[in-house]
Amino acid sequence: MTNIAFIGVGNMGGPMARNLLKANHQVTAFDLSDTVLAPVLKAGAAKAASANEAVNGADVVITMLPAGQHVRSVYLDNGVLSAAKKGALLIDSSTIDVDSARAVHSAAEKAGFLFLDAPVSGGTGGAEAGTLTFMCGGSNAAFEQAKPILEKMGKKIAHAGGPGAGQAAKICNNMMLGISMIGTCEALALGEKLGLEAQALFDIMSTSSGQSWSLTTYCPVPGPVPTAPSNRDYTGGFATALMLKDLKLAQTAAQSVGANTPLGAEAAQLYSLFAALGNAGMDFSGIIRMLQGKA
Ligand code: NAD
């Protein structure tokens, strides 16, 4: 049994903390919202009145917060780095900008802590089921120490490299996903206008060189892949607002290192427009509706 502090128990953090409780770890939780704390407390977590109180005596600290500014504010400036016990392992699973991740890494190292950036993919379904993929950045020592804990919440725990590498891997993957989803939608929308049945085009493309995860696992038109959000009116998947967040993080990162990502930039523009049309909460594959002129 490990004594774990969990800070940020919203849509993702809540079920992740509950999986740690199920694995018989002791969890002390803190969130600014009492509403999201309630189910975690009901599952057996202890309640803390602040982030610093939560980490008092904890062996492991996990944060699952919205963005870089929240992660900086929780760890830095008399935050968790000043309140955690000596030798505690610190893990941030939020999806944040690479610069913030590296800034917290460096402050944590100066304060004598092992720190891991460990963003996830797999969404709320993966968080509930304990099947998330963790992409980790940090030292071998931090990764090896974190692995048995992360395995209680995920099924694939990958070490991407040094500080910030987990965040870098996450935004590269999601930039590719955003671009490939738009490409898949354009092909299906063009095929429809050319008089092709969606199923016939799917059968051909899914066994041809245009094949991709966006097509075969997450097909943006209803029918060919029954489990895809397109069959549920684009609900219950990966929200457009989160895809847009990741595409913007990818653009910020690309600018900071001078990388050329013209399609990533275009994908960010198109998702920005789609979100502004009132679709921020819709699954990101719903962008096909805008490309079909139906959004
Ligand atoms: P969420 O908004 O549901 O949860 C974040 C929680 O952090 C909220 O409950 C909020 O009250 C809390 N919080 C904010 N500032 C705080 C502070 N200073 N102290 C304590 N608590 C604070 O968001 P989420 O969907 O759980 O996402 C969390 C992170 O995971 C984000 O970075 C997101 O991009 C990433 N992510 C989300 C998904 C998804 O499908 N939802 C998938 C992969 C990654």
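These entries cover a strand and a pocket that I looked up in a predicted model.

**Conventions.** I number residues from 1 along each chain as its sequence is written, and side-chain values use heavy atoms, with hydrogens and water left out. Local features need pLDDT of at least 70 and side-chain atom pairs count only at pLDDT 80 or more, while totals for chains, interfaces and linings use all residues.

**Strand E4.** I looked up residues 60–63, which form E4 (strands, E, at least two residues, and helices, H or I, at least four, are DSSP runs numbered from the N terminus). Val60 and Ile62 on one side are buried, as are Val61 and Thr63 on the other (buried: under 20% relative accessible area, 1.4 Å probe, protein chains only). E4 pairs in the parallel sense with E1 (residues 3–7) over 4 bridges (pairing needs at least two DSSP bridges); here Thr63 stands opposite Ile7. With E5 (residues 89–92), E4 again has 4 bridges in the parallel sense, and Ile62 has Ile91 as its bridge partner.

**Second largest pocket.** I took a pocket as an open set of points on a 1 Å grid over the protein atoms alone, with protein on both sides within 12 Å along at least five of seven lines; lining residues have an atom within 4 Å of a point. The second largest pocket holds about 300 Å³ (the space filled by probe spheres set on the points). Its lining has 17 residues, with Val98, Ile171, Ala253, Ala254 and Val257 nearest the centre. Helices H6 (98–110), H9 (165–193) and H12 (240–257) each give two or more residues; H12 gives the most, 7.

Where does this pocket lie? It lies between domain 1 (3–162) and domain 2 (168–291), because both give residues to its lining; the bounds come from an automatic or database domain assignment.

Methods:
Buried < 20%, exposed > 50% of the residue type's maximum accessible area, 1.4 Å probe, protein only. 1 Å grid on protein atoms, 1.4 Å probe; cavity = no way out; pocket = protein on both sides within 12 Å on 5 of 7 lines; lining within 4 Å.
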